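Subject: Structure handover

Hello,

Here is the structure I said I would pass on. The sequence and coordinates come first, and my notes follow.

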Amino acid sequence: MNASKVYRCGRCQRRARRTLTGWNVTMRGGRPVGYLCPDCQTPDENAEAEINQATLTYLGAGADGRHRAVPKVSAS
Ligand SMILES: [Zn+2]
């Protein structure tokens, strides 16, 4: 956890405190490019985040700073 990093909502400019729990992170090319606080997320965006959470496993940032996610393998 990098304490000096400040996350700011792209719509209301609100700052996240310490954690991004409930926040929506927009990823582009493996890098986080935008953040949305829970108050600014539309139901659609919320649903999309839930689906991503359910279907992707986040591996976190690698040595190059890029974030990676892999589809969850469903055991059938
Ligand atoms: Zn906001």
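Does Cys9 count as buried or exposed, and at what relative accessibility? Cys9 counts as buried, because its relative accessibility is 1% and the cut-off for buried is under 20%. Please keep in mind that this is a predicted model.

The metal site

Cys9 is one of the residues that hold the zinc ion. The ion is coordinated by the SG atoms of Cys9, Cys12, Cys37 and Cys40, at 2.3 Å. The four donor atoms make angles of 106 to 112° with one another, and the site is tetrahedral. For reference, the ideal angle for four tetrahedral donors is 109.5 degrees. Along the sequence, the spacing of the donor residues reads C-x2-C-x24-C-x2-C.

Overall layout

The protein contains one helix and four strands, arranged along the sequence as β-β-α-β-β. The C-alpha trace spans about 40 × 35 × 20 Å along its principal axes. Of the 76 residues, 16% count as buried.

The helix

Helix 1 covers residues 43-55, which is 13 residues. From first C-alpha to last it reaches 18 Å, close to the 18 Å expected at 1.5 Å a residue. Helix 1 is hardly covered, and the count of buried residues in it is zero.

The largest pocket

The largest pocket holds about 740 Å³ of space. Its lining consists of 26 residues, and those nearest its centre are Trp23, Asn24, Val25, Met27 and Tyr58. Strand 1, strand 2, helix 1 and strand 3 (56-61) each contribute at least two residues to the lining. Helix 1 gives the largest share, with seven residues. By type, the lining of the largest pocket has 11 nonpolar residues, 10 polar ones and five charged ones.

Individual residues

Gln13 has a phi near 65°, which is a positive value in a residue other than glycine. Gln13 sits in the segment before strand 1. At 43% relative accessibility, Gln13 is partly exposed, because that class lies between the 20% and 50% cut-offs.

Gly22 and Cys9 are 13 residues apart along the chain, and their C-alpha atoms are separated by 12 Å. Gly60 belongs to strand 3. With a relative accessible area of 29%, Gly60 is partly exposed. Gly60 and Gly30 are 30 residues apart in sequence, and the C-alpha to C-alpha distance between them is 10.0 Å.

Regards

Technical notes:
Residues numbered from 1 in each chain as written. Predicted model: local features only at pLDDT ≥ 70, side-chain atom pairs only at ≥ 80, totals over all residues. Heavy atoms only, no water. Expected span 1.5 Å × (residues − 1). Buried < 20%, exposed > 50% of the residue type's maximum accessible area, 1.4 Å probe, protein only. Donors = N, O, S within 2.8 Å, 3.2 Å for Na, K, Ca; no water. Tetrahedral: all angles 85-135°; square planar, octahedral: opposite > 155°, others 65-115°. 1 Å grid on protein atoms, 1.4 Å probe; cavity = no way out; pocket = protein on both sides within 12 Å on 5 of 7 lines; lining within 4 Å. Points joined across faces, edges and corners; volume = space filled by probe spheres on them. Nonpolar A, V, L, I, M, F, W, Y, C, P; charged D, E, K, R; others polar.
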